[in-house]
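Let's take a walk through this structure together. Have a look at it first, and then we'll go piece by piece.

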Amino acid sequence: MNKTEVVCPNCGTSFKISKGGAPISELSEGIHVLVPETVRNNNVTKANVRMEALKSAGVNVDKLQSLMSSNDILKTIFDDDDPILEMISKGGFIKNPELFRRWITAQTFALIKDANVSWTDQVRKRYDTRYVFKQTRNELYLQIKLIRKGVKDDKRFQFFTLEDMKAIFIELAPKAMWAQYAESMISMIKGCTTYSQLDRAISFRTWHFRNKCKFMPQRWLNCFKGAGAYYTLQNIIRTHGFVLPSCNDMQSSLDTVEHMFNEIVSYSPSDRRWDMLMSLLMTSVSQTHFELKW
Amino acid sequence: MTTDEFIKKVEDGEPYRINFEKKEVRLNGFLVDIDFETTNNAEEKLLELFENYKYSVPSAKADSKYFFGFDESKLSTKQLAENESRYIARAKLELFVLGLIINQLWDFGNEWYWQSKAEPKLVLFKKWF
């Protein structure tokens with residue numbers, strides 16, 4: 001197509017326009033301003049051109065046209081009385097039973113199900129030292145992965161901190177290996193300053209535990225309790241419609257959990273008392289007679 | 001040892017292994033003799049145990065090599081919280097089937113396998129018997 005070049009007398013930029021086209025300059029407040037063709041003519045866009053090409057090829061494009069013309073896309077996809085639209089307008093969350101840390105919720109509910117047995121006794125009954133080691137190591141792997149991705153503000157980092165993990169592995173080492181090996185392992189762990197260093201130190205030797213060894217470090221019980229209580233509260237408030245007895249709705253109960261979390265985190269890792277969060281969960285569940293829906 | 005005693009030991013956390021081809025049971029690595037009970041409606045109890053196994057809570061290395069169980073993603077949160085551990089559910093199911101195998105309590109007819117109509121994934125093979 002033949003094109004001519006036009007230069008704006010005001011700012012000096014050059015534009016290419018087709019020969020047969022309408023004049024592109026318009027007068028506003030005494031200055032000539034160049035207006036590109038695509039801005040003036042709204043109907044000629046890439047999507048429209050493609051749609052016309054589809055139409056000429058014999059494809060039915062009625063639905064696509066209605067989707068593109070409407071501003072609120074959600075309302076054209078769903079019906080007016082769809083429960084999902086209601087959920088979004090009410091709380092901002094879509095309830096999905098397969099979202100947000102289902103496994104830890106189920107684990108915690110299995111542990112607090114029996115009111116006569118305490119949480120700690122139930123943990124001792126169900127798990128052993130092998131599980132403690134495996135769980136802490138998996139947590140370590142995951143945090144290394146998160147850091148590699150560039151995530152820094154995840155809540156996960158607050159439950160099992162580097163200091164906590166070092167303390168846990170130092171307590172576990174004498175149970176897993178010969179005394180002299182354990183000593184060297186402990187001195188190696190104490191020198192670590194990053195997650196990947198700790199990982200390298202641990203994989204230096206193989207860790208064997210006896211079959212029915214039920215030794216549980218106090219530090220691990222505390223961290224495990226915190227993670228379980230926090231994520232369970234988040235899950236049941238968001239997906240199961242659970243509301244704390246002192247609160248009115250979803251947002252306020254989420255806020256109280258967040259407030260409590262921040263208060264506990266303000267202390268150093270060795271002084272954090274996660275049992276406060278767990279007691280909040282257990283008392284509120286027993287007061288409201290809450291049961292999992294799905 | 002009766003079946004109830006065996007399952008109580010499994011619940012305490014002792015490792016076990018049940019083999020249909022060799023027709024043997026091992027607890028802590030040692031062979032164990034078990035007195036199997038005979039039941040009248042074996043098919044009903046088999047289906048009951050299979051359903052218990054299918055919806056049990058999965059964990060690493062707990063799945064049976066003979067029977068199919070659901071993955072974690074197909075179970076709801078409630079089922080994950082309340083159901084039995086797969087390690088124990090598998091012991092119950094496999095022990096019952098081994099009792100059928102040793103007492104030869106199944107009619108295959110002319111077929112080389114038996115498939116349940118209610119649960120198509122539940123299959124017993126004639127070569128085990």
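Start with chain A, whose secondary structure comes to 15 helices and four strands. Keep in mind as you look around that this is a predicted model. Chain A has 294 residues, and 19% of them count as buried. How does the chain fold back on itself? Take its contacts between residues at least 6 apart in sequence: 57% of these join residues at least 24 apart.

Now for the inside. In soluble globular proteins, nonpolar side chains tend to be buried together. Here, the largest nonpolar core has 41 residues, and Phe169(A) and Ala229(A) are the ones that touch the most other members. The element that gives the most to this core is helix H13 of chain A (residues 218-239), with 10 residues. As for Phe169(A), if you leave aside its neighbours within four places in sequence, it is in contact with Ile189(A) and Ile202(A). There's also a second, separate core of 14 residues, and Val25(B), Tyr53(B), Leu93(B) and Val97(B) are among them.

Next, find helix H6 of chain A, residues 102-112. Eight of its 11 residues are buried, so this helix is mostly covered. Among the buried ones are Arg102(A), Gln107(A), Phe109(A) and Leu111(A). What lies over them? The cover includes H7 (119-126), H13 and H15 (275-288) of chain A, along with helix H3 (77-82) of chain B.

Note on methods
Residues numbered from 1 in each chain as written. Chains lettered and ligands numbered in written order. Predicted model: local features only at pLDDT ≥ 70, side-chain atom pairs only at ≥ 80, totals over all residues. Core = buried A, V, L, I, M, F, W, Y, C linked by C-beta atoms within 7 Å. Buried ≥ 20, exposed ≤ 12 C-beta atoms within 10 Å, placed from the backbone. Helix = DSSP H or I, 4+ residues; strand = E, 2+ residues; numbered from the N terminus. Contact = placed C-beta atoms within 7 Å.
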